[in-house]
Each structure stands twice: as structure tokens, then as C-alpha cells.
Amino acid sequence: MQLSRDDLVGAYRRMAIIRKFEERLHDEIKTGEIAGFTHLYCGQEAAAVGVCDHLSAEDLIVSTHRGHGHCIAKGCDVKGMMKEIYGRRDGLCKGRGGSMHIADLSVGMLGANGIVGAGAPQAVGAAIAAKLDGKGNVAIAFSGDGACNQGTTFEAMNLAVVVKAPAIFVFENNHYSEHTGVDYAVGTNKDIASRAEAFGMKAWRANGCDYFDTYETMRELLEYVRAGNGPAAIELDTERFYGHFEGDPQRYRGKGELDRLWEERDCLKAFRAKVGEAKLLDLKLLDDVDAEVAQLIEEAVSEARAAPPPDPAHVAEDVYVDY
Amino acid sequence: MAVMNIREAINKTLMDEMERDSNIIVLGEDVVGGAGTAGGQEAIGGIWGTTPGLYAKFGADRVIDTPISESAIIGAAAGAALAGKRPVAELMFADFVGVSLDQLWNQMAKFRYMFGGKTKCPAVVRLIYGAGMNAAAQHSQSVYAMLTAMPGLKVVLPATPADAKGLLTEALRGDDPVMFFEHKALYGVKGEVPDGEYRQRFGEARMVREGGDVTIVTCGRMVGFGEKAADKLAADGIGVDLIDLRTTSPLDEEAILDSVESTGRIVVVDESPPRCSLAADISAIVASKAFTSLKAPPAMITGPHSPIPFARELERAWIPSPQKIEDAVRQLLAFR
């Protein structure tokens, strides 16, 4: 274990921010103040943070429609994100993108994406760019068990192998593609990682509800990719604590399923238990983080609510750099 | 000025620009050709002959043969462009937008807007298009209208070697995604090409000839057909303003409206089916913005509302011809 106390507190903070951000959105969406479709990342925090904790701003990621967690883990401004989701002028994307289209290139976040599977080839392109620059950077495509069935993802995996690009395919298997179960929709008797292996790349598997397992497995994977061995993949076994979108009645869930997931598969709870048992941290420190995060999210929401809306006069700006 | 054909102008421009800017990369199917074969790389050199020599000069990291995976080609270009490179992706046939449309339509075109103007995506997609080679329904289409309709994309269609150089250079110096259409039947067209750095701004139509009686607006291969028709008409004392749009997005509305205001008659020639076409678009612009200048309804010369056929006789019947253009002009002049 090479994680310092600061690393541990930082990791917990990032996961806690994602959790509180999403839980608060879950509540606020019910008020009707937030427009559009919102897909919460709650439950998968250890996956985003366990992956992104290894990355610098020069390492690039592309995300999904369920992208808030990736954005926060990669360093996007939380208040700017909240304003964006509220559709405000000073949102991270000026209110033009909303929940599904948050990006911030200054931190290496190339964009959440409303089209399932669209990000994978873009990550390969970003990896081709990284390879040309020769600084050992990587590009990561976050995809779900839904996106693993898209042809774009297959094409992207093959292309990455062919051109030996430092692309990493992170498959977060939360067991549901929208409202359909993974056992039905992923038509293989093997796991998703085996698909990546079939394309000729090395693949790892980890418990995506366990920060430590994800983090340590990613360390090994990244050493391999940064050494110039071409692309790699990882399947993270994780859980989605809310519906596909906010408002989803989740009638596809089994009896007691959600209660069991919150009880047995909560990555924040697991993190606390692990650092407590191993006496890595005084848990009081994590309580302080929780209070701090609660404050941050409170501010983010109240500032977003009070923020000015975009000016309709600007509706057709920023379509081109120059037209 | 050197004389060369469009194929050579494109190859030379790619060569010069790649030399100038190490961020430019080329990717596509068989842009080098021969990878993984006994013949070895450069055994093909691009099926259209526009990319030979690039691999030898710039190497495999910058000149990338891809598998037949159009979504991945365009998607990779989009990602590389976001990451700071200037990719030139080739769609061997423009018809293959069908398998890569999401990456053009929902991705590349929208990044800058969706992300609040904080990103740019300077990708150039070369689309080889057009009928005239009996390539039938899936390898002959001119899909520029649908891409012109998409905000965020620029659409460019050179008709001369000089414009091929000037417009491709402009595409590679700009910061927006550009759909660069190359007509497969025009590659052999020769002409003078300015030496040294030469850029042609987008949105500036070319007045091919000025005649004053009827305006013909077109682009790509149809420019040459318009000239043939104009020659025949000139023999009868009928003068044509022939406008080569060069780019359909941005569109030089001013050039069209100025000409129509003086001629009062317009024929739009468009190598595509008629519905929701460039012809329909320009006719609508003229009808709404120059109505009082019109002496006759706008005429649209397009293919029929059908796929493009294979057999020589059928394909010839499908493609707008100089004769049809000439007839349309005469009908406009006879209109009461």
C-alpha cells in the first residue's frame, strides 16, 4: 500500500463529493427546478476515483451520459458543474450542454456524451495524439455494460490494438444497460473484459465498489500502458444505486435489491471500514471531510439557484470558431 | 504558376502542410495501403492517388492506415482534434457517412457549442463523392446537403486545382471541422495552381463568368457542366452569370442575391435528389430574399427522387446534364 494519509483523505473526499452531489441532485430534481434528463453516478464512485487518481491533467478521459462522477474525479469545478446542470450562464459550458455534455479540457476531461458508445473511438484518437507527443500520457474511455455492445466500441478496441495506441477502455459494469440486465444484453458466456481480450489487448478485472482494488489494479494497468505496450482494458464490477435516469421507477429491480446494494456494495462504507480496521486513518478525519463536502454541495446548489440564466440573445454563439 | 490536376494539388497541399505543421496527421482506409501484405506498405498509396508519398516522408505515426471502421476513423479524428492535433480523415466514399454519421453529426459538429465555446475540433474529413463512374447507388452520392444542414460543420467542394489547394490549406489552418468533398470524376481536371502559400477563404463564391441574362448557381462537377451550357447559350447571344459556390457552409448568399437582382432568373444545378437539397435551399433563399427581382420562378436541375443507378444509360439519365441546364435557361427566358 503506497497511499499516504493525504492520498486517502483526498480519495475519500472525491468519492464523498460525487456521492453528495448526486444525492442532492436526486432531491433537487423532484422540485422541478432542474430541466432535462439526469443520470446519476451514485454507487460507482470508487470506479471513477480509483481510475482518475492516477491521472494528470495531460491524461485525457472521455465519459458517458452518466458522467458527473468522471467529471468530479478528473477535477472539474463542482460549482461550475452544478450551475451547468441548473442551466446557468456561468455553468461550466454556459448552460449549453447540461448534465450529459459537461467538458473541461483544462483538466483533461474531453466530454460527457449523450450517445452510448460514442466516446470510445474519440479516446483512441486522443491516445493517438498522446502517442505522437511521446510524453507517456494515456487516454481513457469510460464505458458501461451498455456501451460494450455498441459497434463503435468494437471498432475502437480493434483500431487501438492495430495502431498500438495508449488507450484504456474502462468498462464499468453496473449490471444494467438502461432498464435491461447485463445477463440478457451482453451475449457472451464470459465477462466484458474477455471481449477486450478477444480484440487482442490485455485486460484486468477489479471490484469497482472497492477503491483499493480499483486503484491498485489500475496502477498495474497504467504501468503496462505507459510503458508503450499499447491499449488495455479493465472491467469494474460496480453498482448503480439509482435508476437509469431520475424519475425511473426501477420496476426491474428485485425485491430488496436496492437495500442489499446499499448495505453490501457501498464503496464509501467499504472505504471507511477498511481504513478503520487497518488503522490507516483516524475516522474523525473522514467525518470532517463529510462536513466539508456537505457545505460545498450546499453552496454549489444555493449559488446555482441564484445564478443568472443565459441570455437568449446568445443562442447561436460558439457554433464555430470562425464562420 | 504550376499546372497540375486536382489529385496532384491535393497531394501536394497535404505534403506541404504536413511539412509545415507537425500536428497534422492523416488517417483512413488504405491511405498508405499494403500494410500487412507481402507487397508491403505504399503498395497502393491510396485508391484515389491523393496520398502517395506521405508515408515515406512522415512515417507510420502520422500517416495511419486504419481498418475498415468508419466510425472509428471519424471518432478518432474527433478525439485527436480535441486533444490538439489536426487530423485529416479520409472517407474513401462519401456514401460511408452512413456508417460514421454519429461521429460527424452528434460529436464533431457539436463539441464546441455543447461545451460552451471552450473547445475546438480542427478536423478535416475528406469525402470522395459524386456520380459518373457507374459505381451505383452506394458509391456515387453527393451527401453535401445533409452535412450542410448541420450547424458546426463547414462544407467545402473545390471544382478546380487552384481551389483544391486554396480551400484545403484554409481547412488545415482553421479551427473548425471541415467536410472537404472531392468529386471522383474531377481528380484529373487540370489547371494553374498558385505557387507558395495560397489560401482561399470560405464563403466566397467564384464568379466563373458574367453574362447578365440568367444566373446559374452550382458547385463541384456541375460547374463544368454549367460552363458547357453557357458556351452553347453564348453562341445564341444569351449571357450567363455562372457561380461556383466553393463552399456550401458558409454560403455566399451575397454573391447569389447580387447576381439574381441583376438577372432576375436563377437555375440551381445540384448533383443530388431534389428534396431538401442544395437546390431547394438556394431557391428558397432567393424566393424569400430576392422575390421582387425575380422575372421567373427559380429552376432546380437535380437528379430524380431515386437512388443513383448503375447502367450507363440510367446513370446518364440521373445526372444533371449540360443539355438540361441549357434547356432550363431557355425556359426561364421564355417565361411570361
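1. A:Lys164 counts as partly exposed, because it has 16 C-beta neighbours inside 10 Å. A buried residue would need 20 or more, and an exposed one 12 or fewer. Keep in mind that this is a predicted model. A:Lys164 sits in the loop between helix H6 (151-163) and strand S3 (167-173) of chain A. Look at its backbone too. Phi is positive there, about 55°, although A:Lys164 is not a glycine.

2. A:Lys279 is another residue to check. Its phi is about 50°, again positive, and A:Lys279 is not a glycine. Most residues other than glycine have a negative phi. Find A:Lys279 in the loop between helix H11 (267-277) and helix H12 (283-306) of chain A. Is A:Lys279 buried or exposed? It counts as exposed, because 8 C-beta neighbours lie inside 10 Å.

3. Now turn to chain B as a whole. It has twelve helices and 14 strands. The C-alpha trace spans about 65 × 45 × 40 Å along its principal axes. A compact globule of 336 residues would have a radius of gyration near 20 Å. Chain B has 20 Å, so the value agrees.

4. How much of chain B is buried? Buried residues make up 56% of its 336 residues. Next, consider contacts in chain B between residues at least 6 apart in sequence. Of these, 78% join residues at least 24 apart.

5. Chain B is assigned two stretches as domains: domain 1 (2-193) and domain 2 (206-334). The C-alpha centres of domain 1 and domain 2 of chain B lie 27 Å apart. Their contact takes 25 residues from domain 1 of chain B and 23 residues from domain 2 of chain B.

6. Which elements of domain 1 of chain B give two or more residues to the side that touches domain 2 of chain B? They are helix H6 (144-148), strand S6 (154-156), helix H7 (161-173) and strand S7 (178-183) of chain B. This side of domain 1 of chain B has 15 nonpolar, eight polar and two charged residues.

7. Check both ends of H9(B). Just after this helix, B:Gly264 takes a positive phi of about 75°. The peptide bond from B:Ser249 to B:Pro250 is cis, with omega near 0°. Most peptide bonds are trans.

8. Last, the contact between the chains. It takes 38 residues from chain B and 40 residues from chain A. On the chain B side, helix H3 (70-82), helix H4 (97-108) and helix H5 (111-114) each supply at least two residues. The largest share of that side, nine residues, comes from H3(B). By class, the side of chain B that touches chain A has 16 nonpolar, 14 polar and eight charged residues.

Key:
Residues numbered from 1 in each chain as written. Chains lettered and ligands numbered in written order. Predicted model: local features only at pLDDT ≥ 70, side-chain atom pairs only at ≥ 80, totals over all residues. Contact = placed C-beta atoms within 7 Å. Helix = DSSP H or I, 4+ residues; strand = E, 2+ residues; numbered from the N terminus. Nonpolar A, V, L, I, M, F, W, Y, C, P; charged D, E, K, R; others polar. Rg over C-alpha atoms; globule rule 2.2 N^0.38 Å. Domains from an automatic or database assignment.
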